[in-house]
Amino acid sequence: MNKMNLPPPFHDTNQGTKRSRDVMEEDELSDEEQLKLQKRKLRKLARRMKKKSDLVVEHKVKPSGNILQLSRVDASQNEIAVNISKEPIPSQSLQIFEIEQPKRNSHLDNCITLEELENNRMPTEEIIKIKYFTKYEPGEPSNKLYIKNLASDVTEEDMQYIYGRYFPSKTIMQENMKIKLLKKGRLKGQCFITFPNRPLAKKALQETHGYILHEKPMVISFGRTDK
């Protein structure tokens, strides 16, 4: 008889399932303590995911006295979804999920950004010092912009690059925005941009007036609408 309760000398210590010290300690915790432990793990997981994805990650925990179980990550909403489980889950079953970056809008990638506009604009106070624009006024709001002082090498693609940002896709832009760029005659260096409504045209004027395109500031006012 093994009175000292020692393991047999030929016992295979590799047999059976080995549990880590952490898991054994978790089994000895009360339901409330296990719930707190799982909450801490979820918060730690959220912080790690936030660092990897550079997205705002939120996790919502509802107190219920049960054990929280991580079920999925909703990449579109940037949230960690959890399920309530009656049984505790071992720490090694928690997995790290990578949140996929939302798909970029390829159309907007090909348009100017607001930051670029703001960093390369001439203020109205400077524009009115130019000989031909001393009496500049934006005029009465309409759905059409009248753009003057354009360089001779400006193209319709330049206009699409600047004003396409006000539409969610290239198709919608082509269907709802009209560009009339004047390249010849005494009106050359001018352009008319027609928007589907006045609020959008007003926003575009406020953000693009004075933008320096091909080394010349665009002078923009509201155009007359067709009656």
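Student: Which side chain does K129 meet in a salt bridge?
Tutor: K129 pairs with E126, at 3.5 Å from N to O. Bear in mind that this is a predicted model.

Student: Are those two buried or exposed?
Tutor: K129 counts as exposed, at 61% relative accessibility. E126 is partly exposed, with a relative accessible area of 38%.

Student: How many salt bridges are there by this rule?
Tutor: The count comes to 3. R165, K203 and E207 are linked in a network.

Student: Nice, what are the distances there?
Tutor: The closest N and O atoms are 2.8 Å apart for E207 and R165. That pair links distant parts of the chain, with E207 in helix α8 and R165 in the loop between α6 and α7, 42 residues apart. For K203 and E207 the closest N and O atoms are 3.0 Å apart.

Student: And why are K203 and E207 separated by about one helical turn?
Tutor: Because they are 4 residues apart in helix α8.

Student: Switching to rings: how many aromatic pairs does a search of the whole structure find?
Tutor: It finds 5. One of them is Y146 with F192: the ring centres are 4.9 Å apart and the planes are at 10°, so the pair is stacked. Y146 lies in strand β4 and F192 in strand β6, so the pair ties together parts 46 residues apart in sequence.

Student: What about F167 and F195?
Tutor: Their centres are 6.1 Å apart with planes at 5°, so they are stacked too.

Student: Where does the charged end of R165 sit?
Tutor: Over the ring of Y166, 5.2 Å from its centre.

Methods
Residues numbered from 1 in each chain as written. Predicted model: local features only at pLDDT ≥ 70, side-chain atom pairs only at ≥ 80, totals over all residues. Heavy atoms only, no water. Phe/Tyr/Trp six-rings, centres within 6.5 Å; stacked < 30°, edge-to-face > 60°. Helix = DSSP H or I, 4+ residues; strand = E, 2+ residues; numbered from the N terminus. Lys NZ or Arg CZ within 6 Å of the ring centre and 35° of its normal. Salt bridge = Lys/Arg side-chain N within 4 Å of Asp/Glu carboxyl O. Buried < 20%, exposed > 50% of the residue type's maximum accessible area, 1.4 Å probe, protein only.
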